[in-house]
Amino acid sequence: MQPPFYDFKADDGANLGGIGAVIGHELTHGFDDEGRQFDAQGNLHDWWTAEDNKAFDERAKCLVDEYNGFVAVDDVHLNGKLTLGENTADNGGLRLAHMALEQSLKGKTPQNIDGYTPEQRLFLGWGQIWCQNLTDQIARLQALTNEHSLGRFRVNGVVQNMPEFQKAFSCKAGQPMVSQKPCHVW
Ligand SMILES: [Zn+2]
């Protein structure tokens with residue numbers, strides 16, 4: 001538990017955007033396209049209603065299509081199916097972290113730090129944990145083989161789906177960080 005994931009001297013916004021969202025990510029894996037196939041005893045058993053199965057598949061397809069559209073380098077796109085579980089966990093995890101932040105702020109007067117609101121710092125924290133510098137060669141390799149999306153899309157792919165992000169940074173419809181078709185599995 002070290003920066004940038006967790007810093008005992010940092011505020012809730014930054015820490016929830018880091019380790020908080022990662023904990024939310026891991027919890028969400030239990031209900032992603034793979035985890036959801038296991039029941040409470042850990043057995044491979046379909047425990048969902050037909051209606052819920054259908055709704056899940058529709059929501060998951062939104063993420064598959066969205067991430068298929070992201071370009072890693074040149075003509076190489078991310079693989080929305082390969083990365084679906086991780087993207088579901090990223091999207092659900094950051095939303096859980098945002099809910100936790102709102103809970104922690106209840107009854108308090110939010111304090112800006114370095115000119116940023118707690119909500120803005122949550123999203124900055126999320127950006128900082130996936131900050132990376134890749135050569136085109138490694139970006140290409142990872143896009144084709146890694147079940148995690150490239151860092152840039154772990155950040156931008158998630159926040160463009162979140163009205164919470166748009167509110168925090170006053171983004172308007174049609175701007176680059178506002179998805180025209182936001183996906184929401186959890
Ligand atoms: Zn994961």
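For these entries I take a pocket to be an open set of grid points with protein on both sides within 12 Å along at least five of seven lines, and I count a residue as lining when it has an atom within 4 Å of a point. The model I am reading is predicted.

I looked up the largest pocket, which holds about 160 Å³ of space, and I noted its lining as His98, Glu102, Thr117, Glu119, Glu164, Lys167, Ala168 and Ser170. Helix 3 and helix 7 (163-168) are the elements that give two or more residues to this lining, and helix 7 gives the most, with three residues. By class, I recorded one nonpolar, three polar and four charged residues in the lining.

Entry on Ser170. This lining residue lies in the segment after helix 7, and I found that Ser170 has a positive phi of about 50° although it is not a glycine.

Entry on Asp114. Here too I noted a positive phi in a residue that is not a glycine, at about 55°; Asp114 sits in the loop between helix 3 and helix 4 (118-129) and is exposed, with a relative accessible area of 68%.

Entry on the prolines. I noted a cis peptide bond joining Pro3 and Pro4, with omega about 5°, and I located Pro4 in the segment before helix 1.

Key: Residues are numbered from 1 along each chain as its sequence is written. This is a predicted model: local features need pLDDT of at least 70, side-chain atom pairs count only at pLDDT 80 or more; totals for chains, interfaces and linings use all residues. Side-chain values use heavy atoms; hydrogens and water are left out. On a 1 Å grid over the protein atoms alone, a cavity is a set of points where a 1.4 Å probe fits but cannot get out, and a pocket is an open set with protein on both sides within 12 Å along at least five of seven lines; lining residues have an atom within 4 Å of a point. Grid points are joined across faces, edges and corners, and a volume is the space filled by probe spheres set on the points. Helices (H or I, at least four residues) and strands (E, at least two) are DSSP runs, numbered from the N terminus. Ala, Val, Leu, Ile, Met, Phe, Trp, Tyr, Cys and Pro count as nonpolar, Asp, Glu, Lys and Arg as charged, and the others, Gly among them, as polar. Buried means under 20% relative accessible area, exposed over 50%, partly exposed in between (1.4 Å probe, protein chains only).
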